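Please view the structure alongside the notes.

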Amino acid sequence: MLKIGLTGNIGSGKTIVAEIFNVCGIPVFDADLEAKKILNSPDIISRLLGVFGKDIILNGLVDRKALANIVFSDPDKLAILNAIVHPHVRQDFQNWCTSHEESPFVIYEAAIILESGFARQLDSVVLVTAPEPLRISRVINRDGVNREDVAGRIKNQLPEGEKIKLADFIINNDGSELLIPQVLRVIQELG
Ligand code: ATP
């Protein structure tokens, strides 16, 4: 089984591209969604309490907004959060792969594959790209957040130009090219 990473900076369109892979019959593991689910496991809650204090807990669960406010303005704290959560996500991914053994390849979708070094454990990486102003306006429209919020998150991501050098496949999502033919081309090359 080939394990293919699917990544892209905030608002690039990786979720849409992941859906196209999925419709084409390729199983997709949504690592960012798994990370959110893991945040509410008792073991993780107690570790987060120890590091970030009780202000990040609301009604016994992790207050993701409070946590985001802390980590998106402090790269060291973001690294600590990732170090707590990501080993669990990766273990879940390995288990998930075992349950999809019959698939010739699977997709691991996550925002920070290239930053985290996880790319080394994958067979190829597909990067979704779009110019930064377009990505920012997509996120503002999608999440109802303001420009500063988006800019704060972008700061923690490797610039797209750097990621292009590291990726094996590029899917251009600046609106000038259809996505489905691009995904089919990747599948063809992988197959
Ligand atoms: P994040 O890292 O924040 O999860 P993402 O890379 O998964 O972002 P998406 O959620 O897929 O990005 O796309 C961001 C927003 O832009 C969504 O609302 C999506 O519907 C919209 N969008 C993405 N691609 C296009 C496109 N080609 N044309 C129009 N809208 C698009």
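The model is a predicted one.

Helix H10
- H10 runs over residues 179–190, twelve residues in total. From first C-alpha to last, the helix reaches 17 Å, close to the 16 Å expected at 1.5 Å a residue.
- Leu179, Gln182, Val183, Val186, Ile187 and Leu190 are the buried residues of H10. Viewed down the axis of H10, these buried residues fall within an arc of 140°, so they line one face of the helix.
- An α-helix has 3.6 residues a turn, so residues three or four places apart point the same way.
- The cover over the buried residues of H10 includes helix H1 (14–23) and the strands S1 (2–7), S5 (105–109), S6 (124–129) and S7 (169–172).

Asn9
- Asn9 sits in the loop between S1 and H1 and counts as buried, at 4% relative accessibility.
- A polar atom of the Asn9 side chain lies 2.9 Å from the backbone oxygen of Leu158.
- Leaving out residues up to four places away in sequence, Asn9 touches residues including Lys14, Glu115, Val128, Arg135 and Lys163.

Ligand
- Asn9 is also among the residues that surround the ligand, as are Lys14, Arg138, Arg142 and Asn173.
- An N or O atom in the side chain of Arg142 is 2.7 Å from an oxygen atom of the ligand; for the side chain of Ser12, an N or O atom is 3.3 Å from a ligand oxygen atom.
- A nitrogen atom of the ligand lies 2.7 Å from a polar side-chain atom of Asn173.
- On its own the ligand has 630 Å² of accessible area, of which the protein covers 68%.

Key. Residues are numbered from 1 along each chain as its sequence is written. This is a predicted model: local features need pLDDT of at least 70, side-chain atom pairs count only at pLDDT 80 or more; totals for chains, interfaces and linings use all residues. Side-chain values use heavy atoms; hydrogens and water are left out. Helices (H or I, at least four residues) and strands (E, at least two) are DSSP runs, numbered from the N terminus. The expected span of a helix is 1.5 Å times one less than its number of residues. Buried means under 20% relative accessible area, exposed over 50%, partly exposed in between (1.4 Å probe, protein chains only). The arc is that of the directions from the helix axis to the C-beta atoms. Contact means heavy atoms within 4.5 Å. A polar contact is a pair of N or O atoms within 3.5 Å; within protein, one must be able to donate a hydrogen and the other to accept it, and residues adjacent in sequence count only if both atoms are side-chain atoms. A residue is near a molecule or strand if one of its heavy atoms lies within 4 Å of it. Accessible areas come from the Shrake-Rupley method with a 1.4 Å probe; for residues, only the protein chains shown count as cover.
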